[in-house]
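Subject: Structure for your files

Hello,

Here is the structure I said I would pass on. My notes come after it.

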Amino acid sequence: PERLKYYRRIAGAEKEEQLREIQRELLDRFGMLPPPVLALFDATRIRETARRIGVERVVLKDNILRLYFISDPQSTFFQTSVFGKVIEYVQHYPVKVKMKETPKYLSIVFPGTENIKEVLDHVRDVHDFVTREPKVEA
């Protein structure tokens with residue numbers, strides 16, 4: 001029951017500070033955390049970071065990471081500056097990432113992604129690119 005309570009808190013966390021606090025509690029209480037628990041922290045980080053850039057589904061299969069955007073093609077999200085920056089990211093890194101569109105979904109694809117740590121790195125990289133303030137020339 002206690003373990004389930006912690007798993008729910010981890011999965012429900014929406015901010016990095018919440019995750020850090022839970023992680024500190026667990027470390028203080030139980031010592032080193034097993035890999036599956038650390039993976040749950042990373043999965044929550046991935047989900048929340050992806051959500052902030054309009055990604056509603058993250059899939060890693062056969063070493064291919066796919067970030068699926070909001071499934072409603074009429075969504076106003078596709079007219080936002082966030083989505084515009086995602087397009088810029090894809091254009092800026094054509095070797096690393098591709099955009100894929102089908103009648104059902106729009107996604108960006110990162111081939112050669114092997115594990116959850118790499119997934120987190122890719123999602124954070126896109127997020128950081130999208131949220132970075134433009135450089136002002138003096």
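The model is predicted.

Helix pair

Two packed helices are described by the angle between their axes and the distance between the axes. For helix α4 (residues 81-92) and helix α5 (residues 116-131), the angle is about 120 degrees and the axes lie 9 Å apart. That angle makes α4 oblique to α5, and the crossing of the two is right-handed. On the α4 side, the contact is made by V82, K85, V86, E88, Y89 and H92; on the α5 side, D125, V126, F129 and V130 take part. Sorted by class, the contact of α4 with α5 has 6 nonpolar, 3 charged and 1 polar residues.

Q23

Q23 sits in helix α2 (residues 16-30). Its relative accessible area is 19%, and since buried means under 20%, Q23 is therefore buried. Apart from neighbours within four places in sequence, Q23 is in contact with L33, L38, F41 and R45.

Loop between β1 and β2

D62 lies in the loop between β1 (55-61) and β2 (64-69), and N63 is placed in the loop between β1 and β2 as well. Neither is glycine, and each has a positive phi: near 55 degrees for D62 and near 60 degrees for N63. D62 is exposed, with a relative accessible area of 66%, whereas N63 is partly exposed at 39%.

Regards

Conventions. Residues are numbered from 1 along each chain as its sequence is written. This is a predicted model: local features need pLDDT of at least 70, side-chain atom pairs count only at pLDDT 80 or more; totals for chains, interfaces and linings use all residues. Side-chain values use heavy atoms; hydrogens and water are left out. Axes are lines fitted to C-alpha atoms, for helices over the stretch in contact, and angles run from 0 to 180 degrees between N-to-C directions. Helices (H or I, at least four residues) and strands (E, at least two) are DSSP runs, numbered from the N terminus. Angles under 35 degrees count as roughly parallel, over 145 as roughly antiparallel, 65 to 115 as roughly perpendicular and the rest as oblique. A crossing is left-handed if the near helix is turned anticlockwise from the far one by less than a right angle, and right-handed if clockwise. Contact means heavy atoms within 4.5 Å. Ala, Val, Leu, Ile, Met, Phe, Trp, Tyr, Cys and Pro count as nonpolar, Asp, Glu, Lys and Arg as charged, and the others, Gly among them, as polar. Buried means under 20% relative accessible area, exposed over 50%, partly exposed in between (1.4 Å probe, protein chains only).
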